[in-house]
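This report goes through one protein model, from single residues to strands and then to model confidence. Please keep the sequence and the structure in view while reading.

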Amino acid sequence: MKTVLVRLGLVLPCLFAGLPACAATLDVSVTDAAGRPVPSAVVTFAPVSGGAAQGRGGSYVMAQKDIKFVPYVLAVPVGATVDFPNQDRVNHHVYSFSPVQRFQFPLYGPGKKRSLRFDHPGTVALACNIHDSMSAYIRIVDQPYFATTDDKGRASLDLPADAGTLAVWQPQLDAPDHSVSRKFTMSAGAAQQTFSVRLRAEALPSGGAY
Ligand SMILES: [Cu+2]
């Protein structure tokens, strides 16, 4: 029974997505010029045939905890609603001046939460009016496939066998729009891609590698 369930779990997402071929997992590794892992990088794949496997909207969380935003980088699809719960013991005044979506949540306290919907692709840089050291990013993507690298600089995407564009965005990446991309064709089996990127030393969040 367990085996059946596991198989269904693998097959059903393909059926619901209506994809011609649900291929396999692409493992992406992002490293800097010195070969160190780059966490908090958003990896996207835009197949030439389009598709919307991960859909639009959905609910996501950007918390405030220990005078930090958690996570440092949050990738969401266009139309997503992001909750901003205050899980701290102090008040925060969260805002963004980014043209993609300017907003502010005037001072709100522990246990309280604010929410906002993000309808345009791009980058929203977050800050707090009270705590200058607080910094984070919401990356709103319109590509149907995306994932964010972990502490080891790795991300996995389940992709259809299709040609398209594979891209990496990271706030400290030293390139136009902090992004690099390449043409990539996903085959029927598992695949691996590595990006070696240059990073700027600026704007590093406290306590993190980047
Ligand atoms: Cu704050």
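S40 counts as buried, because 26 C-beta neighbours lie inside 10 Å and a residue needs 20 or more to be classed that way. The model is a predicted one, and S40 sits in its loop between β1 (22-32) and β2 (42-47). Phi of S40 is near 60 degrees, a positive value in a residue other than glycine.

H178 also has a positive phi without being a glycine, at about 55 degrees. Its loop runs between β15 (163-169) and β16 (179-185).

A161 belongs to the loop between β14 (154-160) and β15. With 17 C-beta neighbours inside 10 Å, A161 counts as partly exposed, since partly exposed residues fall between the limits of 12 or fewer for exposed and 20 or more for buried. The C-alpha atom of A161 is separated by 9.0 Å from that of P47, although the two residues are 114 apart along the chain.

| Residue | Class | C-beta neighbours inside 10 Å |
|---|---|---|
| S40 | buried | 26 |
| A161 | partly exposed | 17 |

One further backbone feature concerns a proline. The peptide bond leading from V70 to P71 is cis, and its omega is near 5 degrees. P71 is placed in the loop between β5 (68-70) and β6 (73-77).

Turning to the strands, β15 is mostly covered, with five of its seven residues buried. Which strands pair with β15? One is β2, which runs antiparallel to β15 and is joined to it by six bridges. Within this pairing, V42 stands opposite W169 of β15. Another is β16, paired with β15 in the antiparallel sense over seven bridges. There, T165 has K183 in β16 as its bridge partner.

A separate topic is the open sheet of five strands, whose order is β6-β12-β11-β8-β9 and whose pairing is mixed. Which strands stand at its edges? They are β6 and β9 (103-108); each has a single partner strand, so one side of each is left without a neighbour in the sheet. From one strand to the next, the twist averages 20 degrees. The partner of β9 is β8 (residues 92-96), and the two pair in the antiparallel sense over four bridges. Here H92 stands opposite Y108 in β9.

For the protein as a whole, the model contains one helix and 17 strands. Of the 210 residues, 34% count as buried. Taking contacts between residues at least 6 apart in sequence, 65% join residues at least 24 apart.

The mean pLDDT is 87, and 82% of the residues reach 70 or more.

Key: Residues are numbered from 1 along each chain as its sequence is written. This is a predicted model: local features need pLDDT of at least 70, side-chain atom pairs count only at pLDDT 80 or more; totals for chains, interfaces and linings use all residues. Two residues are in contact if their C-beta atoms, placed from the backbone, lie within 7 Å. Two strands pair if DSSP finds at least two bridges between them. Axes are lines fitted to C-alpha atoms, for helices over the stretch in contact, and angles run from 0 to 180 degrees between N-to-C directions. pLDDT is the predictor's confidence in each residue, from 0 to 100.
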